[in-house]
Structures are given as C-alpha cells and as structure tokens.
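Thanks for coming, everyone. I will keep this short, so please look at the model while I talk.

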Amino acid sequence: MAVKEEVIEILNTIIGEDINDQLDDDFFDSGLLDSMATVELLLDLESKFDIQAPVSEFNRDEWNTPNKVIAKVESLIG
Amino acid sequence: MVNLQPYTDPMYFIILLLALLPLAIALYFGKRLSWYEVIVSLVFIFLMFNGKKYHEGYAIILFMIWQWLLVWAYTLYRKKSNNTVVFYVATILAIVPLFLVKLAPVAHWTHVSTLLGFLGISYLTFRSVGMILETRDGAIKEFNPWLFLRFMLFMPSISSGPIDRYRRFVKDITTVPDREKYLGMLEKAVWYFFLGFLYKFVLSHILGTLLLPRFESLAILSASVHHGWSWWLVPVMYTYGLDLFFDFAGYSLFAVATSYVMGVELPMNFDKPFLAKNLKDFWNRWHITLSFWFRDYIFMRLVFMMMKKKWFKSRLTTSNIAYIINMLIMGFWHGLHWYYIAYGLFHGVGLVINDAWLRFKKKHKVPHNKFTEVFAIFVTFNVVMVSFLLFSGFLDKLWFK
C-alpha cells in the first residue's frame, strides 16, 4: 500500500469517519482531531512507518490537514 | 530613583513609544536594529527593577546565569547522548528557582523571596523549560547564547507573558516583515493599545478598584453574622472574574501591541473567552499561551508516554488522568495555596465531565440549536466564574482568616 492510503486509513480509524473527501480540510478547526487523537496519530505513524515524530516537532500549522500529514510522513521516511 | 513598572501609567507608554521609534522607522525601511532592540529591552528591564526593587534586579541576573548555564550544558550533553534521567534532572533544575520562590511565602522564608524572586520569574521559567523539552526532542539542536538571551529577555512580555516559543520567536527576529505586512502590524498595534486602555484603565479600574473592594467588605461584614455565607459573594464573584479578564487581557494587548511595533508577532492570549461553549473551548480562548504551553508540553507528552508504555488499558482513563494531572500542575504553578490547587482540580474534573458530555452528545441525538448554544455559553460562563471565585483567594480570607 502506498504511504498515502496507509495514512488515510490511520486517520479514518482515529477520527471515526471517512476523510477521503476532505483531504485539505483543517481537522483542528473542525474539531475532528483533538490533543488526544493527535497523540494517537503520532504513535500510530511512529509504529507503522518507523519514524520519529516527537510531540514538540509537532507544529499544528504543518500537520492540520490529511494532505499535509501525508507530505510530512513522506518527508520523514525519505 | 526612577522605577518604571510595565504598562502602568501614561508616562510609560510615551517613553516606550519614543524608545521604539528608531526601531519602527528602521523596520519600515526593511532593516532590523538588533543591537538597539537589545539595548531598549535591557534599559526597560533595568528601569523595572530600579530603585526599591533593586533586589529583584539581582535576582533576575542570578536567574539568567543559572538558566543560561543549564540550557547550554544540556544542549552540549544532548549532542552526545540522550539519557532520560539527565533530561529530568535538567528540567527539575530549571524549575528549582521558581519552586523555591513559590514555596518561600508558605514556608515563611522571606530571605529566599528577596534573594530569588522577581516579577516575571514564572514566565521566564516557561520559556527556559520549553527550550529544554524541545532540545530533548531534537527540535532545537544548537545553543545560541545571543538568541537565547534575546528570547528570554524580550521586554514586551517579560513580566506576565504571553509565553512565546523559541523557534517561533527566532524566526521573527532573524527576519524583517515586508513593508505591507509591517504596516498591517502597526495598524493592529494601534488598535490593541486603545483596546488595552479601555480594558485596563477604564473597565478594570471600575470593576477592580471601585466596585470590588466595596462588595468584598460587604460580603465579609454579612458573612460574619451568617455563618460564613453572604449573598454579596455573588457580585464579588462576577466583579472579580470580569476584572481578572479585563486587567489581564488589557495587559496582554499592550504586550502584543508593543511586540508588533518591534516587528515580532507575539501570540495573542485571549479570544473572547466568555463566549466559550464548553470548558474545553474555554481553555482554547483563555490565557491561550499558557494553556497551549500546558497542552503541548505537559498534556500531550503525558498522554504520549502513558499510551506508549500502555499504563492504562482504556484511552479514556488515560485522557482523564492526563487532564487532572495537567490542571493540577497548572494550579500548583499559580502558587502553593489550597485555593490555587483547588482551582486546578476544579478545572481538571471539569474537563473530564466536559469530555464525558461531549461523548454522550455524539452518541445520542441531543437537540442542537441557537437556544441550546446560548444556554451552553451561559453555563460555561458561570462555571468559569465560580472557579475564579475560588482562584481569587477571597474564600480563604472569608473563612480562614
């Protein structure tokens, strides 16, 4: 599976709804992702892709949409 | 001897703006006068601690040397190694001065207060601890003594925040906003100054200086014959709560406005907190830089650790425990008095209840319309006001003094 699909799958599970049609929506503004869910996301990404995404690297402006998360993960892998 | 307390009288604003004028002109022409900026910061800090407050001046120098050495040493260590114990020791050492200052009034150590205490110590501690945490995470890699000093001693926010972040701040002071952006910032600064005047010198003056003392004496008088209860507590509560907002929000507006003139976008501290729809929403709007500091550096790290080490089976237990610890620490940070700790606990439990309610609402079809929204704002406002009454310490005066 490509990185993109895997990230979307993780996000879908954490958020509890399909986010395929809102890949550029800010999920902090919409309240879909709170601090708890964010930590879950970081932990899931860490175990799935074996990347280090420490909490203080986590800049909300760079992680606020599904597409940005995908881009981040791709840059951290590569 | 001249002593200038930040943002207290008209003279301060005049001197401040005159001192910042060369800086503003340079920024307008695309230059940042770093040296001049540092000198202005230092002079104003000196004036803050001049005269009767000279001992606070020594205390801040002592504090700065301590934090400077600590962050420097930790960054050096972190380049070579990353032991968790060392990280905890560094964090604790960074908090020690603040802890002693908070402990001193409770333990009656007046000499400790005189030796170590100064206006703004809590806020400087946040900045320094934040740097240690980010160095631990590898987000900050180098120790730059010059940028460290500028970050720590940035004058507009030195006494009571807003609490900035090192990497954000450095981005601002190592660049120059383009002319259009800078003019926009100046426009906002003017608006914030005037809004701040209204908040601090009109509204807070009426509420805190004219009304509150009267309500308080009436409450004390009537409580002395009614077993510690008085209906005057109700106006005391609302007046105190509103005064707290206008006083602090007014101060924060001055700090942000001043930093905008200096070409630095210090984050805002308040966003219409009394329109919050629930307690979680409230903490996204009230003393934002403090609450986000706690969210990012305490709550999220705590949750991260608890989930990674699987301390609790359920996600719910994890978040509830994190809420309570988070808010309790915030309570302790305010001071080692029962009412501050009770205030922290109140909000911790409040957030747990709030979360349970939000989950319930998601599962069941709870009616949602304009009326319920106004009702939610009303309930949140009153819950917050009760917590502020607790926070004020007035109950302590009323019942135990």
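First, a term: a salt bridge is a side-chain nitrogen of Lys or Arg within 4 Å of a carboxyl oxygen of Asp or Glu. By that rule, B:Arg167 and B:Glu134 join their side chains in a salt bridge, 2.8 Å from N to O. B:Arg167 sits in helix H8 of chain B and B:Glu134 in helix H6 of chain B, so the pair ties together parts that are 33 residues apart in sequence. Helices here are DSSP runs of H or I with at least four residues, strands are E runs of at least two, and both are numbered from the N terminus.

Now the ground rules. This is a predicted model, where local features need pLDDT of at least 70, side-chain atom pairs count only at pLDDT 80 or more, and totals for chains, interfaces and linings use all residues. Residues are numbered from 1 along each chain as its sequence is written, chains are lettered from A and ligands numbered from 1 in the order in which they are written, and side-chain values use heavy atoms, with hydrogens and water left out.

Back to that pair. Buried means under 20% relative accessible area, exposed means over 50%, and partly exposed is in between, with a 1.4 Å probe and protein chains only. B:Glu134 is buried, at 4%. B:Arg167 is partly exposed, at 30%.

How many salt bridges does a search of the whole structure find over all chains? The search finds 20. Another is B:Lys79 with B:Glu142, at 3.1 Å, N to O. B:Lys79 belongs to helix H3 (residues 54–80) of chain B, and B:Glu142 to the loop between H6 and helix H7 (145–152) of chain B, so parts 63 residues apart in sequence are tied together. B:Glu142 is exposed, at 51% relative accessibility.

Next, the chain interface. Contact means heavy atoms within 4.5 Å. Chain B puts in 19 residues and chain A 16 residues. Buried area is the accessible area (1.4 Å probe) that two parts lose on being put together, summed over both. Between chain B and chain A it is about 1,600 Å², with 63% from carbon and sulfur atoms. On the chain B side, B:Met300, B:Phe304 and B:Arg315 lose the most area to chain A, together 38% of what that side buries.

The two chains share three salt bridges. One salt bridge pairs B:Lys308 with A:Glu46, at 2.7 Å, N to O. On chain B, the elements that give two or more residues to this side are H6, H12 and H13. H12(B) has the largest share, ten residues.

A:Asp34 and B:Lys280 also meet in a salt bridge, at 3.3 Å, N to O. A:Asp34 is in the loop between helix H1 (3–15) and H2 of chain A, and B:Lys280 is in helix H11 of chain B, so this pair joins two chains. A:Asp34 is partly exposed at 26%, and B:Lys280 is partly exposed at 22%. A network of salt bridges links A:Asp34, B:Lys280 and B:Asp355. B:Lys280 also touches B:Asn354, a residue of helix H14 of chain B. B:Asn354 is buried, with a relative accessible area of 8%.

Look at B:Arg301 in helix H12 of chain B. Is B:Arg301 buried or exposed? At 18% relative accessibility, B:Arg301 counts as buried. Leaving out residues up to four places away in sequence, its contacts include A:Ser56, B:Phe87 and B:Asp137. A polar contact is a pair of N or O atoms within 3.5 Å; within protein, one must be able to donate a hydrogen and the other to accept it, and residues adjacent in sequence count only if both atoms are side-chain atoms. The side chains of B:Arg301 and B:Asp137 make one, at 3.1 Å.

Now helix H13 of chain B. At the start of H13(B), a side-chain oxygen of B:Ser314 comes within 3.2 Å of the backbone nitrogen of B:Leu316. After H13(B) comes B:Gly335, with a positive phi near 155°.

That is my tour; questions, please.
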